[in-house]
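The following exercises are to be worked through with the structure in view. Each task is followed by a solution in steps.

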Amino acid sequence: MRIPSSTRVGIVGGGPAGLLLARLLRGAGIDCVVLESRDRTYVEQRQRAGILEQATVDVLRSCGAAGRLDQEGMAHDGIELRWDRRTHRIDFPGLTGGRRVRVYAQTEVVKDLIALNLADGIPVAFGAQVLAVEGADTERPVVRYGLDGGEQTLTCDYVVGCDGFHGVTGRSVPESVRTTYERVYPYSWLGVLAEAPPSCDELIYAHSPRGFALHSMRSATVSRLYLQVPNGTDPADWSDERIWDELDARFAVEGDWKLRRGPITQKAVLPMRSSVTEPMRYGAVFLAGDAAHIVPPTGAKGLNLAVADVTVLAAALTERYAHGSARLLDAYSDSCLRRVWRAEHFSYFMTSTLHTDPDQSDFETRLQISQLDRIATSPHASAELAENYVGPPIG
Ligand code: FAD
Ligand code: DHB
């Protein structure tokens, strides 16, 4: 595919944020180019999120990217919380006026968007490593990138950094105008993919004195499971048997419930972090998704925030090109940050309520149990969790 040397919107990063933004801009007749450092197979196989909020599904539908999601995505009307060998179900539609979430893997969202974008002739360059974004405070910022052993430039009206937490676009914003708020957690997740049918129809978030555990799924035959582990854990130290035994211990409840075991096909350790960089815009450069903010995965918000950011940005760029007004572009950072901070708070709440800090005192454990008891006994506390989990509408 020929990559032009100039375009209206240069998009750095071909993860969910970059690929969806390209699709939304193309729908509005705005030219763009996506530069992605990795190859297509790598981007399509990278195991990550699984939960799509209603608003995320609506956006994907609105741009014709939900064909397979509507066929294969699993509608979920609740989650189960477990603690103290007890269990409590959060009923989403009942507590939120009918809203629900979908289980559909980020890998599949990415595959769908890549296929549609390429079929529509949107230039998506794989193996294009962006080196720097220059002239953020000028009318024509330039993206410098390496491709096929050579160096190229892309001149744009606007550049959008959708290049994730380790991306380079954020560096084009001078340190003097940006502030980063951050928290690093004293534990990580060991995430595994197993050829085992899900052990329950819904997700299970479990608090236990041994640490947090999460049961999720990818299909009728594949389970996705996570265990809290110490920072620096080597996945090779966790045999399949050790993983299943530990999951069994953490999910244990009164009554008969059985975790279904099967061969583990993938294992990876993921550090946990909360981070927000403000503002999300500097001159002609915008940041979206993980490039601007990170949440610990316990609230299932990262992918949904990325989708919300680029939806707001696409509407703002559409207004700019259709009517010449920069009003929505000027409001971009503030309007996204309101949603971002709500998701940050919820993700922090879920993480700190369900995980066991290595230095945690018995007093703090009793507070966690009290909070979980409160959720189980108060419709207000349950509704607060449910509303945050299913997420607000975008905009
Ligand atoms: P990314 O997906 O990180 O994409 C950034 C892209 O930019 C990458 O493809 C990268 O290769 C590319 N790139 C980076 N640097 C450059 C460069 N210099 N030049 C060119 N390209 C570059 N979120 C949820 O909403 N729900 C969940 O259930 C959930 N569960 C999760 C579970 C796990 C285990 C993890 C790790 C994350 C989870 N998340 C979840 C978070 C979610 O996966 C991320 O928030 C999401 O991937 C963000 O999308 P993005 O497009 O902003 O960034
Ligand atoms: C999944 C990941 C999460 O972080 C979460 O909170 C729920 C589900 C998943 O990968 O299925």
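**Exercise 1.** Which atom of alanine 17 lies 2.9 Å from an oxygen atom of ligand 1?

*Solution.* The model is predicted, so local features need pLDDT of at least 70 and side-chain atom pairs pLDDT 80 or more, whereas totals for chains, interfaces and linings use all residues. Residues are numbered from 1 along each chain, chains are lettered from A and ligands numbered from 1 in written order, and side-chain values use heavy atoms, without hydrogens and water.

Step 1. The atom of alanine 17 is a backbone N or O atom.

Step 2. Arginine 48 instead places a polar side-chain atom 2.8 Å from a ligand 1 oxygen.

Step 3. At alanine 300, a backbone N or O atom is found 3.1 Å from an oxygen of ligand 1.

**Exercise 2.** State how many disulfides there are, and examine cysteine 63.

*Solution.* Step 1. A disulfide is a covalent bond between the sulfur atoms of two cysteines. The criterion is a pair of cysteine sulfur atoms within 2.5 Å.

Step 1. The count is 0 disulfides.

**Exercise 3.** Is threonine 277 buried or exposed?

*Solution.* Step 1. Buried means under 20% relative accessible area, exposed over 50%, and partly exposed in between (1.4 Å probe, protein chains only).

Step 1. Threonine 277 has 11%, and is therefore buried.

How values were computed
Polar contact = N/O pair within 3.5 Å; in protein donor to acceptor, adjacent residues only side chain to side chain.
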